Amino acid sequence: MRSYPFTAVVGSDDMALALILTTVAPEVGGVLVRGEKGTAKSTMVRALAGLLPAVSVVAGCRFSCDPAAADPTCPDGPHPDGVTGSARPARLVELPVGATEDRVIGSLHLERALTAGVTEYEPGLLAAAHRGLLYVDEVNLLHDHLVDLLLDAAAMGRSTVEREGVSVVHAARFVLVGTMNPEEGELRPQLLDRFGLTVEIAAPRDPGLRAEVVRRRLAYDADPDAFGARFDIAERATAQRIAAARAALPAVVLGDGALTKIAEICSVFEVDGMRADIVTARAAVAHAAWHGRRYVTRDDIRAAARLALPHRRRRNPFDAPGLDEELLDRILGDEEPDPPPPPPSPADEPGPDDGESLDGEAGSTDEGTNEQAPAEPEGAREDQPVSAPAGESPAGDPPSPGAAPGSVAATGKAFRPKLFTVAGTGAGAPGRRSRAITGSGRTVGATPFAGSGAALHLTATVRAAAPHQRRRGRTGPGLLVGRDDLRLAVRQGRESNLVLFCVDASGSMAARKRMEAVKTAILSLLTDAYQRRDKVGLVTFRGAAADLLLPPTSSVEAAARRLESLPAGGRTPLAEGLRCAAHTLRVERIRDPLRRPLLVVVTDGRATAGPDAVRRSQLAAAELAADGVAALVLDCETGRFRMGLAARLARHLQAEHVPIDEVAAAVLTTAVTRRPGRVA
């Protein structure tokens, strides 16, 4: 079936421009598209592949070498001069979230190694994407080390493989595009910075525009071929314009004045490092080539800065990307540049240009060039805050029917907390908190092949097969290996956990600025959870009831927003809070059985709501302990004379007891077990 046309997508002008710029100049470093679900992110990326120029490749080369400039380090080479080639469409390679490192970068060809004794490299997805498009949907759900591999290859244009006796370097120059929904969790700032350009995308709010989106989608679903034919002229014009921009890119001049202005912008916006300057410069050059200009102008720098800087201005994990465009315009200024000097010769005259050069160059407008495809319209401002996920409000939810009106305490500056882990060895999703058997990490053993698994333990397999070679009739080189000989590597690494906060928001917490200290401690633990790729949830209790304020989610930012607006006041329904937490964990265990929970109860231990409140809270704590839930009690009681109620609650929960003022890092790791006091 014919894919949806690129030029038919409505309301995504910034995204279209970013994709085009990184297509014109892949060294920009790729595009990260952030947006809510249902905003045509994947549709536009897949449509882009149809606009890429066809590539000529060496016949039989698995690494798509160009016959005119073959890679001298190609594992299938060296290719002789004048080697024949064949043309094929540029590839769109999609990397699934569950891909392994072997599948991404390639690995030893096991069948050839075990049967013929030959060391042969089997290419991965990076090799397949060379000179094409590599698309990662939900890139924020991909494991960090795989994202790092992708971004390294995109920045360097090469992939280096050093593993399992294989040492290979091959070209991997591709257009990298990642899409993500911020509701499902953020990329770490270190990885976010590695993407060249970032675009925020949202569904249009104009009813007329929304109606046009639906109208076009229905027409496409009814007859894809007829719908695509309506946009054939625009598609061909855009493809020709991309090819022309690629060819013109080396001739675009980035003058000293333009380069100084880029450096000034990055300095004023206080971005870290030099990557922002480099990416902005490359994107500005690509933007000039896209518009047929020979010199980088003020308009090119502005367009590049809007795409390259917003995600590099975050100062903490919970900051939303954004850019003050009014400040950007003030930095760029509006003074007319000096008139250009006379050209030395007709051959050196500037090309088509509809803007002014910061170095005093100007050119005429080429209407024919601009008519091939409309110039990008002004997109939505990127300094707008990211909207809260569906059902959330940045100002917080209304209190439950049983909650009393309360005051909202401020949150202090986050600190580095102790690392609290779940004791034992789990088998959950890769992360950075608790010890677990994972797909990556150090090899600690081997296990027989059971029909699935990608990490073959080569040494253990050879040991298992060696005693049977004479009986199997081996006479030549190579190893005769049977299915029963295969052994998989058992690797121990770190997993992510579900950190469920159960927070006392009653009136006793509002006294003596306790809630401010509580919020600061929880924010610090949320920051830690963000860095360790945990899921988080938030249960609060006050008045006469408990609320699941935030169901378990990968969006730690949502938890931070809820925490900011958390009020305090009323009685303390401790039993209800513990039972709400127990129910939440039971439901989540069904949804994600391998993810181990860590329950963090933040309270002073008082139970004052309802009849027999103390007894009911003790029973609720005992039920959680019986379920084997690893728990931690943060004791918020302050003052010289303390009742020790939180410590008593910790004993009923069989949980670790930590005073709130001891959460800050003083020891490296505290393992949360059902025996309080154990330190790993």
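## Salt bridges in the model

A salt bridge here is a side-chain nitrogen of Lys or Arg within 4 Å of a carboxyl oxygen of Asp or Glu. The structure is a predicted model, and the count by this rule is 26 salt bridges.

## D66 and R131

D66 is partly exposed, at 25% relative accessibility. R131 is also partly exposed, with a relative accessible area of 22%.

Salt bridges link D14, R302, R306, E325 and D329 in a network. Within it, the side chains of R306 and D14 meet at 3.0 Å, N to O. R306 belongs to helix α13 (residues 298-308) and D14 to helix α1 (residues 13-24), so this pair connects distant parts of the chain, 292 residues apart. Both R306 and D14 are buried.

R302 and E325 also form a salt bridge, again with an N to O value of 3.0 Å. R302 is in helix α13 and E325 in helix α14 (residues 325-332), so the contact ties together parts 23 residues apart in sequence.

Are R302 and E325 buried or exposed? R302 has a relative accessible area of 18% and is therefore buried, since the limit for buried is under 20%. E325 is buried as well, with a relative accessible area of 7%.

Definitions and conventions:
Residues are numbered from 1 along each chain as its sequence is written. This is a predicted model: local features need pLDDT of at least 70, side-chain atom pairs count only at pLDDT 80 or more; totals for chains, interfaces and linings use all residues. Side-chain values use heavy atoms; hydrogens and water are left out. Helices (H or I, at least four residues) and strands (E, at least two) are DSSP runs, numbered from the N terminus. Buried means under 20% relative accessible area, exposed over 50%, partly exposed in between (1.4 Å probe, protein chains only).
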